[in-house]
Amino acid sequence: MPRPTAAQLAYGSFTVIFSTLAMLLLSQTSSGLGIAVIAVSALALGLLVAMTVPIPKSRVVAVQKPAEVAAAAPATAEEPVAAVATSSRKAA
């Protein structure tokens with residue numbers, strides 16, 4: 001599994017912190033079970049947000065070797081045309 005990027009860590013952390021605060025303030029719970037449920041749900045939400053942040057793709061540049069370029073190029077060499085003797089009559 002690749003390491004998370006800085007953007008993933010930042011978005012996930014901010015989501016956990018702000019969603020925990022918002023849920024605690026909105027629910028006004030003071031029981032341990034309620035706080036535990038809110039904390040677990042905030043962590044799950046933060047993980048979901050961190051995993052959905054697009055990961056930048058690395059650029060891959062295709063480099064062809066000279067042999068591959070020659071093989072990939074169609075044969076464009078022209079073959080010489082044999083001279084054909086033609087009889088030419090001159091009009092008198």
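Predicted model: local features only at pLDDT ≥ 70, side-chain atom pairs only at ≥ 80, totals over all residues.

Modeller: A term comes first: helices are DSSP runs of H or I with at least four residues, strands are runs of E with at least two, and both are numbered from the N terminus. By that rule Gln-28 sits in the loop between H1 and H2.

Residues are numbered from 1 along each chain as its sequence is written, and side-chain values use heavy atoms, with hydrogens and water left out.

Now the setting. The protein chain has 3 helices and 0 strands. From the N terminus, its elements run α-α-α. Of its 92 residues, 12% are buried. Buried means under 20% relative accessible area, exposed means over 50%, and partly exposed lies in between, with a 1.4 Å probe and protein chains only.

Start with the helix pair. Two packed helices are described by the angle between their axes and the distance between them. H1 covers residues 6-27 and H2 covers residues 32-52; their axes come within 8 Å and cross at roughly 150°. Therefore H1 is roughly antiparallel to H2. Angles over 145 degrees get that name; those under 35 are roughly parallel, 65 to 115 roughly perpendicular, and the rest oblique. Axes are lines fitted to C-alpha atoms, for helices over the stretch in contact, and angles run from 0 to 180 degrees between N-to-C directions. The crossing of H1 past H2 is right-handed, that is, the near helix is turned clockwise from the far one by less than a right angle.

Which residues make the contact? On H1 they include Tyr-11, Thr-15, Ser-19 and Ser-27; on H2 they include Ile-38, Ala-42, Leu-45 and Val-49. Contact means heavy atoms within 4.5 Å. The contact residues divide into 11 nonpolar, 8 polar and no charged. Ala, Val, Leu, Ile, Met, Phe, Trp, Tyr, Cys and Pro count as nonpolar, Asp, Glu, Lys and Arg as charged, and the others, Gly among them, as polar.

Ser-19 is in H1. Ser-19 counts as buried because its relative accessibility is 12%. Beyond four places in sequence, Ser-19 touches Phe-14, Ala-42 and Leu-45. A polar atom of its side chain lies 3.4 Å from the backbone oxygen of Val-16.

Move along to Ser-27, also in H1. At 38% relative accessible area, Ser-27 is partly exposed. Its side chain reaches the backbone oxygen of Met-23 at 2.8 Å. Ser-27 and Ile-38 are 11 residues apart in sequence, yet 9.2 Å apart in space, C-alpha to C-alpha.

Then comes the loop. Gln-28 is exposed, at 68% relative accessibility. Gln-28 has a positive phi of about 50°, although it is not a glycine. Thr-29 is in this loop too, and it is partly exposed at 26%. Leaving aside residues up to four places away, Thr-29 touches Leu-24, Gly-34, Ile-35 and Ile-38. The side chains of Thr-29 and Ser-31 make a polar contact of 3.5 Å. Such a contact is a pair of N or O atoms within 3.5 Å; within protein, one must be able to donate a hydrogen and the other to accept it, and residues adjacent in sequence count only if both atoms are side-chain atoms.

Finish in H2, with Gly-34. Gly-34 is buried, at 18% relative accessible area. Gly-34 and Leu-24 are 10 residues apart in sequence and 8.8 Å apart in space, C-alpha to C-alpha.
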